[in-house]
Amino acid sequence: LAGLFSYIAYSSKTVQFEISEEGLNIRGGFYQRLIPAESIIIEKSKQIDIGKESPYKPILRTNGIGLPGYASGWFKLRNGEKALLFITNPSRVVYIATREGYSVLLSVQDTERFLQLLGNVSEDAD
């Protein structure tokens, strides 16, 4: 059990988001994956705050880790959407809509720059 908590603490600090021409690659932790560029709906992607009144606030963990200051894995959002979360700062979150039946919520330092880079990849996929 101690090993599992150590891994969770370690992975919360080492998850990386990489934008390339293939799409969004999430590396590290239990829920890593590649979201293909053609699956990303850039027009619906945006910067959000998942505070108390937000429709994007996670309300039900279906397969994930929910600790104070860290949420990772599959959650149901207040608006009913299924979402894959990698959240360390609820006020600096990028919401990424996909054509795969779920959305992705990521905490990133510079949300505007991240969305700009994501938009460039999405345009190249069209």
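Colleague: How many helices and strands does the secondary structure of the protein chain come to?

Modeller: This is a predicted model, in which local features need pLDDT of at least 70, side-chain atom pairs count only at pLDDT 80 or more, and totals for chains, interfaces and linings use all residues. Residues are numbered from 1 along each chain as its sequence is written, and side-chain values use heavy atoms, with hydrogens and water left out. Helices (H or I, at least four residues) and strands (E, at least two) are DSSP runs, numbered from the N terminus. Along the sequence the pattern reads α-β-β-β-β-β-β-β-β-β-α, and the total is two helices and nine strands.

Colleague: What percentage of the 126 residues count as buried?

Modeller: Buried means under 20% relative accessible area, exposed means over 50%, and partly exposed lies in between (1.4 Å probe, protein chains only). With that cut-off, the buried part of the 126 residues is 43%.

Colleague: And what share of the contacts with a separation of 6 or more comes from residues 24 or more positions apart?

Modeller: Contact here means heavy atoms within 4.5 Å. Among contacts in the protein chain with a separation of 6 or more, residues 24 or more positions apart account for 41%.

Colleague: Let's turn to the strands. Which residue in β2 is the bridge partner of Gln-16?

Modeller: Two strands pair if DSSP finds at least two bridges between them. Strands β1 (residues 16-20) and β2 (residues 23-27) pair in the antiparallel sense over five bridges, forming a hairpin with two residues between them. The partner of Gln-16 in β2 is Arg-27.

Colleague: Which residue in β3 stands opposite Leu-24?

Modeller: β2 is also joined to strand β3 (residues 33-36) by four bridges, and these two strands run antiparallel. In β3, the residue opposite Leu-24 is Ile-35.

Colleague: Which residue in the hairpin of β5 and β6 takes a positive phi?

Modeller: β5 (residues 58-67) and β6 (residues 70-77) are antiparallel and pair over eight bridges. Leu-67 stands opposite Tyr-70 in β6. Two residues lie between these strands, and the one with a positive phi, near 85°, is Gly-69.

Colleague: Which strand gives the most to the lining of the second largest pocket?

Modeller: On a 1 Å grid over the protein atoms alone, a pocket is an open set of points where a 1.4 Å probe fits, with protein on both sides within 12 Å along at least five of seven lines; lining residues have an atom within 4 Å of a point. The second largest pocket holds about 180 Å³ of space, and of its 13 lining residues the closest to its centre are Ile-50, Gly-69, Ala-71, Ile-87 and Pro-90. β5 and β6 each supply at least two residues of the lining. The strand that gives the most, with three residues, is β6.

Colleague: Why does Leu-77 count as buried?

Modeller: Leu-77 is in strand β6, and leaving aside neighbours within four places in sequence, its contacts include Pro-55, Tyr-56, Ile-59, Leu-85 and Leu-105. Leu-77 counts as buried because its relative accessibility is 1%.

Colleague: Which backbone nitrogen does the side chain of Ser-107 reach?

Modeller: Ser-107 lies in strand β9 (residues 103-107) and is buried, with a relative accessible area of 11%. Residues that Ser-107 touches include Phe-17, Phe-86, Arg-92 and Val-93. At 3.0 Å, the backbone nitrogen reached is that of Asn-89.

Colleague: Last one: with which side chain does the side chain of Glu-100 make a polar contact?

Modeller: Glu-100 lies in the loop between β8 (93-98) and β9 and is partly exposed, with a relative accessible area of 45%. The C-alpha atoms of Glu-100 and Ile-40 are separated by 8.6 Å, although these residues are 60 apart along the chain. The polar contact, at 2.4 Å, is with the side chain of Ser-39.

How values were computed:
Points joined across faces, edges and corners; volume = space filled by probe spheres on them. Polar contact = N/O pair within 3.5 Å; in protein donor to acceptor, adjacent residues only side chain to side chain.
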